[in-house]
Amino acid sequence: MRAMYYEEFEAMPEIRTVPDPEPSESGVVIKVSATGLCRSDWHGWMGHDPDIRLPHVPGHELAGTVVATGRGVMRYKAGDRVTVPFVSGCGHCGECRAGHPQVCPDQFQPGFTHWGSFAEYVAIDYADQNLVILPDTVSDATAASLGCRFATAFRAVVDQARVTGGEWVAVHGAGGVGLSAIMIAAALGANPIAIDISDEKLAIAKSLGAVAGINARTVDDVAGAVRDITGGGAHASVDALGSPVTCFNSIKNLRRRGRHVQVGLMLAEHAAPQIPMAQVISQELEIYGSHGMQAYRYDAMLAMIAAGKLQPERLIGRHLSLEEAVPALVAMGQTSENGIAVITAF
């Protein structure tokens, strides 16, 4: 099969022909129809993820069709059109049995713990516990965009931040995760505020439901601006970028007993950011992480998509070939997409 492949971190990836994957006993092989290009893939290529073993094929947001199954797979068959959470649980440990496969200690992550979906085929373990059947009404590109950014934002806003109608929600970073979070918060009847350094991205955020935008490049006190707009601070705040500044501001801009959710990765030199702990204690703030979403929660997200309350296809910025994805991946450290880039030609 053709795949994007690299043998060293930060070395230019190549498009190579590599052996086709075989399914494990609990796994399947999927013919990839579409796969999203995400900043997490860039972090992996930079060497920030300790789970990656070289040589490597990246890619973790995917949709496609099952073409082969292992002997132990009971729920899926060749021809099924599926997607999968980028964090998949083993199905057997205590966390998985408790309904939390996204923090499984033996988790399977295509593109990180194993070779990923920037290829014609990808092998997925623990299929019965993690695959999600796709409705015909959801396109391949849209389904691929759900696998990391949109699903992660859904869990962050709905399950972790517990956003309800009428609440103020600050979203720091208007990339794929941030725009997803804004759309989801607006669909819940909340009042999302977008914070970014790009007026173009802030305009996109407003078209998706943001009631206000703050340009952090021109506003000296972002947290103060959020408090002014909301009359006291956000009920919930999401750091969708992942930097010491956005993490700090996301906590600082909360009202009393507010909830901060960290979605943007904090890796390498950003792994230990400063936080306003005195405020966290005195105002009883809540701080949560959000790491993917369980396969069984996709039903709630897909139901909102089917009802027209969520339109993730609006977040897709451009379609790429596998070759075009190489320079796009490498450039992610200096540039960011307006929306989600999806590989659809292999």
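I began with Ser40: neighbours within four places in sequence aside, Ser40 contacts His60, Phe112 and Leu265. Contact here means heavy atoms within 4.5 Å. The model is predicted, so local features need pLDDT of at least 70 and side-chain atom pairs pLDDT 80 or more, while totals for chains, interfaces and linings use all residues. Numbering runs from 1 along each chain as its sequence is written, and side-chain values use heavy atoms, with hydrogens and water left out.

I placed Ser40 in helix 1, residues 39-46. Helices are DSSP runs of H or I with at least four residues, strands runs of E with at least two, numbered from the N terminus. Ser40 counts as buried because its relative accessibility is 13%; buried means under 20% relative accessible area, with a 1.4 Å probe and protein chains only.

Next, the largest nonpolar core. A nonpolar core is a set of buried Ala, Val, Leu, Ile, Met, Phe, Trp, Tyr and Cys residues joined through side-chain atoms within 4.5 Å. I found 50 residues in the largest one, where Phe150, Met301 and Leu310 touch the most other members. Helix 4 (140-160) is among the elements giving two or more residues, and its share of 10 residues is the largest.
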